[in-house]
Amino acid sequence: MDLQAAQVSVWKRNGAAERSWVHMGGSPVVAAGRTAEVLSYQPGQVLKLYREGMPRGTAEEEYQISLKVYNTGVMTPRPVRLAELGTRFGVVYEQASGITMLQAISVNPDILHEEAARMARLHLELHARDIYGLPEQKTVLKNRIQHSPSLAEEEKERIVAYLKQLPEGSKLCHGDFHPDNIILGEKDWVIDWMTGMRGNPAGDVARTLVLLQMGTMPEGTPDEVVKQFARMREELVKEYTRQYIGSGSLSQADVDAWRLPVAAARLTEWIPEAEKANLLALVREALEDGSVA
C-alpha cells in the first residue's frame, strides 16, 4: 500500500491506531492507497482490489510474485486467488491480523527506536534469502528510468549506464519496504509484494531510505502533523540505517551507490508533484557532481 496515502489514513484521526472504514459494494474498505484498496472479504480473507484502469496483468503479476515469496517461508499472507469486481482486478489474501508499524509508532512515538530496529531485522531476514523467478532488479529499474517523462534522453542514458556497473544480486528484495508494509500482531507480517524482485539488497535498502527521507505528505495535511512526522521520520531513518549497517551486511557506501537509479526510477510512480520535484533535484545533483560519467 502506498506510504503517503497510508499516512493520511492514520493522521486523519489525530494519531489513533485505526483506519477509516468506508463501504463500497457492501464490503468495508480497510485500507486505501493511490493504486489499490484493501476490502474485507470472506472470513479470514481480504481482497486487494486495484483501482479502475489498472490492467489485469498487474494483479496477475502480484499474485505470482506473492505466491513465490510465500513459498520461501517468508511471513507474508498467503495469496488465495485472483479476483474480479466489475472491471477491476485484484488478489484475495489470507488476512494478516494486527496493526501496521506506522500506526503503532504514530500512537506511541516512544517505541520508534525499537520498531526501527525491528524493521532493520526484518529487512535483513528477507535479504538473507536467495530467490529465483522474480523480476530482476536492474531490469525493473532500467525500464522505469527509460520511461520517465521527467528526464531528458541523455540523462536516462547516463543513469542506465551507471546502473549497469552496479553489482548484481540474487537475494529477495521487497521493492517497497517501509513501516506501513509491516503488520505487527502475534506475528510480524511483511505485506504488499507487488514490487518484489530478485537483486542486490543495497538497492532495496536505498529504495527504503528514499521513500522515508523524501516522501511528502499530501496537500492539506495540517502543519503540525507534517512537522511531527518529519521529526519521527528523521529518527526512524537514523535508527533503521544504524541497525542495518551495523549488522555488517552492507556498508553505507554500498547503499549510497544505488541512490541515483532508485530515485530516478521512482519518478515514474504516482507521487505528488512536490516529491517528484525533490527527486528530480536529487537526480540532477548526482549527475552534475561528476561521480556519474
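The model is predicted: local features need pLDDT of at least 70, side-chain atom pairs count only at pLDDT 80 or more, and totals for chains, interfaces and linings use all residues. Residues are numbered from 1 along each chain as its sequence is written, and side-chain values use heavy atoms, with hydrogens and water left out.

**Figure 1. The whole chain.** The chain has 11 helices and 11 strands. Helices (H or I, at least four residues) and strands (E, at least two) are DSSP runs, numbered from the N terminus. Buried residues make up 54% of the 293 residues. Contact means heavy atoms within 4.5 Å. Among contacts between residues at least 6 apart in sequence, 70% join residues at least 24 apart.

**Figure 2. Helix 10 and its buried residues.** Helix 10 covers residues 259-266. Its buried residues are Leu-260, Pro-261, Val-262, Ala-263, Ala-264, Ala-265 and Arg-266. The side chain of Arg-266 meets that of Glu-275 in a salt bridge (2.9 Å, N to O). A salt bridge is a side-chain nitrogen of Lys or Arg within 4 Å of a carboxyl oxygen of Asp or Glu. Both Glu-275 and Arg-266 are buried.

Figure 3. The 13 residues of helix 6 should span 18 Å at 1.5 Å a residue. The expected span is 1.5 Å times one less than the number of residues. The end C-alpha atoms of helix 6 are 19 Å apart, which agrees. Its buried residues are Glu-155, Lys-156, Arg-158, Ile-159, Val-160, Tyr-162 and Leu-163. What covers them includes helix 5, helix 10 and helix 11 (273-288).

**Figure 4. Ser-148 meets Thr-268.** Ser-148 is found in the loop between helix 5 (137-146) and helix 6 (153-165). At 1% relative accessibility, Ser-148 is buried. Leaving aside neighbours within four places in sequence, Ser-148 is in contact with Lys-156, Ala-264, Leu-267 and Thr-268. Thr-268 sits in the loop between helix 10 and helix 11. Its relative accessibility is 28%, so Thr-268 counts as partly exposed. Thr-268 and Ser-148 are 120 residues apart in sequence, yet 5.2 Å apart in space, C-alpha to C-alpha. Not counting residues up to four places away in sequence, Thr-268 touches Arg-144, His-147 and Ser-148.

**Figure 5. Helix 4 packs against helix 7.** Helix 4 and helix 7 (residues 201-214) pack at an angle of about 150°, with their axes 10 Å apart. Axes are lines fitted to C-alpha atoms, for helices over the stretch in contact, and angles run from 0 to 180 degrees between N-to-C directions. The two helices are therefore roughly antiparallel, a term for angles over 145 degrees. Their crossing is right-handed: the near helix is turned clockwise from the far one by less than a right angle. The contact is made by Met-119, His-123 and His-127 of helix 4 and Pro-201, Asp-204, Val-205, Thr-208 and Leu-212 of helix 7.

Figure 6. The side chains of Arg-121 and Glu-125 meet in a salt bridge (3.2 Å, N to O). Arg-121 and Glu-125 are 4 residues apart in helix 4 (residues 112-127), so about one helical turn separates them. An α-helix has 3.6 residues a turn, so residues three or four places apart point the same way. Arg-121 is partly exposed, with a relative accessible area of 37%. Glu-125 is also partly exposed, at 41%. Salt bridges that share partners join Glu-115, Arg-118, Arg-121, Glu-125 and Asp-188 into one network.

**Figure 7. Arg-51 reaches Glu-37.** The structure holds 22 salt bridges. One of them joins the side chains of Arg-51 and Glu-37 (3.6 Å, N to O). The pair links distant parts of the chain, 14 residues apart: Arg-51 is in the loop between strand 4 (45-50) and helix 2 (56-71), and Glu-37 is in strand 3 (residues 36-40). Arg-51 is partly exposed, at 27% relative accessible area. Glu-37 counts as buried, at 11%.

**Figure 8. Positive phi at Asp-192.** Asp-192 has a positive phi of about 65° although it is not a glycine. Most residues other than glycine have a negative phi. Asp-192 lies in the loop between strand 10 (188-190) and strand 11 (197-199). Asp-192 is buried, with a relative accessible area of 11%.

Conventions
Buried < 20%, exposed > 50% of the residue type's maximum accessible area, 1.4 Å probe, protein only. Parallel < 35°, antiparallel > 145°, perpendicular 65-115°, else oblique.
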